Amino acid sequence: VQKIDAVRAYANAMKVPEQSMQRIAKLGVVMDEWIAENEYDATAIQCWTSMQEFFGVVPCTLMSMLSDSLAPSACETDIAGTAAMYAMALASGKPSALVDWNNNYGDDPNKGVVFHCSNLPKSVFTDEIPVMEYQEIIAGSVGKENTWGTIYGRVKTEPFTYLRISTDDLAGEITAYVGQGQFTDDPVDTFGGYGVVEVPNLQKLLHYICENGYEHHVAINLSQVADAVEEALTKYLGWRVYHHVG
């Protein structure tokens, strides 16, 4: 009951069936106990589709709540993404989110749409109380009734830092890229957690991402901590980092 109350206080769950809320709460209790017992600072969850097929919900809002409390939780078992989220949360003292570099925005070469389906922390959203929904992407394959628990909202129009950490298996090293940009108020019609970003010389950055084999995921934080993150990763950890400045 306490976990259901916490989830309802966190997001508008008026649409969510009671059975799904019960499942979400039970999963949340287990996750909280597992995290406490193992003293985890961050997590990465295998969020689809086995969880929907065998348990009947998505864990997105629970992961959002963790990230909002500065204990980042990344989807799709993206452990490297979790590391990036955690690095920026430590640098800024603010929640991080994990998004996709999704597509271009119109004809502006420096703007793009970022998106996830989503588990973004509510602190990054324009609405103080975001809405819990069903996961539209996988509802067609596992059934709408098994996908309640995602969280929808648009990211605030604020400056942000982006960071991607990845492993170069052939070279046996950890690499990263980092930079800063701005979330804009340009109109966009989509679902999940999303926003329009403006990054100086974005096309150069996208070319670098593709040419160096980076994943489509990127961690974001509504702060400007690129310099601090770069110093931490290079000076103290010895990783190879590309700092994109336009």
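S67 is buried, with a relative accessible area of 1%. Buried means under 20% relative accessible area, exposed means over 50%, and partly exposed lies in between (1.4 Å probe, protein chains only). The model is predicted, so local features need pLDDT of at least 70 and side-chain atom pairs count only at pLDDT 80 or more, while totals for chains, interfaces and linings use all residues. Residues are numbered from 1 along each chain as its sequence is written, and side-chain values use heavy atoms, with hydrogens and water left out.

S67 lies in helix 4. Helices (H or I, at least four residues) and strands (E, at least two) are DSSP runs, numbered from the N terminus. The S67 side chain reaches the backbone nitrogen of S73 at 3.0 Å. Beyond residues up to four places away in sequence, S67 touches P72, S73, M85, P95, S96 and P121. Contact here means heavy atoms within 4.5 Å.

Helix 4 spans residues 60–68 and is mostly covered: 9 of its 9 residues are buried. Among them are C60, L62, M65 and D68. Just after helix 4, L70 takes a positive phi of about 70°.

## Helix 1 against helix 4

Helix 1 (residues 2–10) and helix 4 have axes that come within 11 Å and cross at roughly 75°. That makes helix 1 roughly perpendicular to helix 4. Axes are lines fitted to C-alpha atoms, for helices over the stretch in contact, and angles run from 0 to 180 degrees between N-to-C directions. Angles under 35 degrees count as roughly parallel, over 145 as roughly antiparallel, 65 to 115 as roughly perpendicular and the rest as oblique.

On the helix 1 side, the meeting residues are K3, A6, V7 and Y10. Their counterparts in helix 4 are T61, L62, S64, M65 and D68. An α-helix has 3.6 residues a turn, so residues three or four places apart point the same way.

## The nonpolar core

The largest nonpolar core has 62 residues. Helix 2 (residues 18–38) supplies the largest share of this core, 6 residues. Such a core is a set of buried Ala, Val, Leu, Ile, Met, Phe, Trp, Tyr and Cys residues joined through side-chain atoms within 4.5 Å.

The residues with the most contacts inside the core are W101, Y162, L163, Y177 and L205. Leaving aside neighbours within four places in sequence, L205 is in contact with W101, Y162, Y177, V199, Y242 and H244.

## Strand 7 and its partners

Strand 7 (residues 159–168) has 7 of its 10 residues buried, so it is largely enclosed by the rest of the structure. Strand 7 runs antiparallel to strand 8 (residues 173–184), and 10 bridges join the two. Two strands pair if DSSP finds at least two bridges between them. T167 has I174 in strand 8 as its bridge partner. The hairpin of strand 7 and strand 8 has 4 residues between the strands, and G172 takes a positive phi near 65° there.

Strand 10 (residues 217–221) also runs antiparallel to strand 7, joined by 3 bridges. Here L163 has A219 as its bridge partner.

## Strand 6 and its partners

Strand 6 (residues 148–154) has 7 of its 7 residues buried, so it is largely enclosed by the rest of the structure. Strand 5 (residues 131–134) runs antiparallel to strand 6, with 4 bridges joining them. E133 stands opposite T150 in strand 6.

Strand 9 (residues 193–198) pairs with strand 6 in the parallel sense over 2 bridges. R154 stands opposite Y194 in strand 9.

## Backbone exceptions

Most residues other than glycine have a negative phi, and most peptide bonds are trans. The peptide bond from W48 to T49 is cis, with omega near -5°. T49 is found in the loop between strand 1 (43–44) and helix 3 (50–54). Another cis peptide bond joins C117 and S118, with omega about -10°. S118 lies in the loop between strand 4 (108–116) and strand 5.

E76 is not a glycine, yet has a positive phi of about 55°. E76 lies in the loop between strand 2 (73–74) and helix 5 (79–92), and counts as partly exposed at 32% relative accessibility. N201, also not a glycine, has a positive phi of about 50°. N201 lies in the loop between strand 9 and helix 7 (202–211). N201 is partly exposed, with a relative accessible area of 34%.

Key. Polar contact = N/O pair within 3.5 Å; in protein donor to acceptor, adjacent residues only side chain to side chain.
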